[in-house]
Amino acid sequence: MLGAAGVLLGAAVTPAQAAEVSYATHCVPPAGIDPVDGTTKVEITAPATAEVGDTVDIVWKFVQAASKNPDIIDLPANSVQPSGVLKAAGAQTAAIAMRGPRENPAIPKGGDMVLSDMKGSLKLTAAGEVTLTPDAYTVNAMSTDTKCAPKEAVQKAATIQVTAGGGGTSSSTPTHSTTPTGSATPTATATGGTGQTDFTGREVQIPYACKTPIGDKSATSPVQINAKKSGGGYALTVRFEKSVMDSPADIPKDSVKPSMEVVLGGADKGTVHVEGPTNANPIKSGDPIEIPDLTGTYKPGASGTSTLSPGVLTVKALGTTTTCTPVKTEVSLTLDTTEQPGGAAGGTSTSGGSSGSAATGGDSGSGGLAETGASDHGALKALGLVAGTAILLGAAVFTVLPRRRTR
């Protein structure tokens, strides 16, 4: 049984009640995987009684998820995050946003999905009986979404008896009020109201398949996405941490131009274009090819938990283009976003970074990397990205150097 869920305000709340319901569910995995029909079993914990004006905490526990991990890839620990909607009805109507942390054991191919408990809260605005019924939910794993929705009418899972008290009106007029709670780990998460502006993502290992005009190349690169909040948007900085190669020939200045499409997931959809300046100085044969940080601006197109993952890399060099596509990708950064006019949901945000500019990142906790300054054109050294350039120039010889010292 879940631990008791109390209230944030008010003292007239009784100990929590918990009830389990089951319902037939239709789940739609990412493209290329067949839909799944299964049974979802959910336990909802909420106070049995409360007063108008109280804000009550609610917990959604997955006793059983409707779908299993497809027989494609093992899911590592802390890579799966659930979110969903709990419907309130009766004296008060609301769609309560529920969200769980990105916490799970390693899940093998074909294994049962183990999902964290989701939490949400509801401010009570009318006296009477308020029922709570689970509805649709989404499972985000490795930056892909599986969306699950009921195939039948779902039975209520909990009931709150709300008395008038002194906090509001006894009117039974439906009032919509939702407050999501919870955060995602281990990726850095932007949470409203904390005053935090710098968010550091975690480094993820991304295998790339690069297509060049004269051949193909595969390489794996560590990638990290950081963000700095600016108004309603975020200045993004994408860094490649360790992989380098020596230049097989002399390369003139202003001839290597990298860019990337950062993939949005979770609440938001689309991509964000980030790019770096061309090489400021000539690169001599035998010297490491160094590329500055890729920067761009992300304007959220949806409210909720949005994820950012490394996407397609493009390098333009000496009049040619090499495209490096991730064989698979992982979430580097998770942000609690607020929808902005003209944001990215359902489309693409294409605001590129300026030449050499970079967001200032701080140590926000889970990502663990320190500050990136705008004057730093240092060693963003991408094995996968630079592989295409080396092939174009011929005699691609890769040399893995020690990791650059964290700035």
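Which backbone oxygen does the side chain of Thr-25 reach? The side chain of Thr-25 reaches the backbone oxygen of Tyr-23, at 3.0 Å.

This is a predicted model, in which local features need pLDDT of at least 70 and side-chain atom pairs count only at pLDDT 80 or more, while totals for chains, interfaces and linings use all residues. Residues are numbered from 1 along each chain as its sequence is written, and side-chain values use heavy atoms, with hydrogens and water left out.

**View 1. The whole chain.** Of its 407 residues, 48% count as buried, meaning under 20% relative accessible area with a 1.4 Å probe and protein chains only. Among contacts (heavy atoms within 4.5 Å) between residues at least 6 apart in sequence, 75% join residues at least 24 apart.

**View 2. The surroundings of Thr-25.** Thr-25 lies in strand β1, residues 16-28, and is buried, with a relative accessible area of 0%. Leaving aside residues up to four places away in sequence, Thr-25 touches a set of residues that includes Val-36, Asp-37, Ala-66, Tyr-137, Cys-148 and Lys-151.

View 3. Strand β2 (residues 36-47) pairs with strand β4 (residues 55-64) in the antiparallel sense over five bridges, pairing being assigned if DSSP finds at least two bridges between two strands. In this pairing Glu-43 stands opposite Lys-61 of β4. Strand β4 also pairs with strand β7 (residues 118-123), again in the antiparallel sense, over six bridges, and here Val-59 stands opposite Lys-119 of β7.

**View 4. Strands β16 and β19.** Strand β16, which spans residues 233-240, is mostly covered, with seven of its eight residues buried. Its antiparallel pairing with strand β19 (residues 294-298) runs over five bridges, and Thr-297 in β19 is the bridge partner of Ala-235.

**View 5. The largest cavity.** The structure holds four cavities of 30 Å³ or more, a cavity being a set of points, on a 1 Å grid over the protein atoms alone, where a 1.4 Å probe fits but cannot get out. The largest has a volume of about 40 Å³, the volume being the space filled by probe spheres set on the points. Its lining (residues with an atom within 4 Å of a point) consists of Ser-79, Arg-102, Met-142, Arg-202, Glu-330 and Val-331, and these divide into two nonpolar, one polar and three charged residues.

Definitions and conventions
Helices (H or I, at least four residues) and strands (E, at least two) are DSSP runs, numbered from the N terminus. Buried means under 20% relative accessible area, exposed over 50%, partly exposed in between (1.4 Å probe, protein chains only). A polar contact is a pair of N or O atoms within 3.5 Å; within protein, one must be able to donate a hydrogen and the other to accept it, and residues adjacent in sequence count only if both atoms are side-chain atoms. On a 1 Å grid over the protein atoms alone, a cavity is a set of points where a 1.4 Å probe fits but cannot get out, and a pocket is an open set with protein on both sides within 12 Å along at least five of seven lines; lining residues have an atom within 4 Å of a point. Ala, Val, Leu, Ile, Met, Phe, Trp, Tyr, Cys and Pro count as nonpolar, Asp, Glu, Lys and Arg as charged, and the others, Gly among them, as polar.
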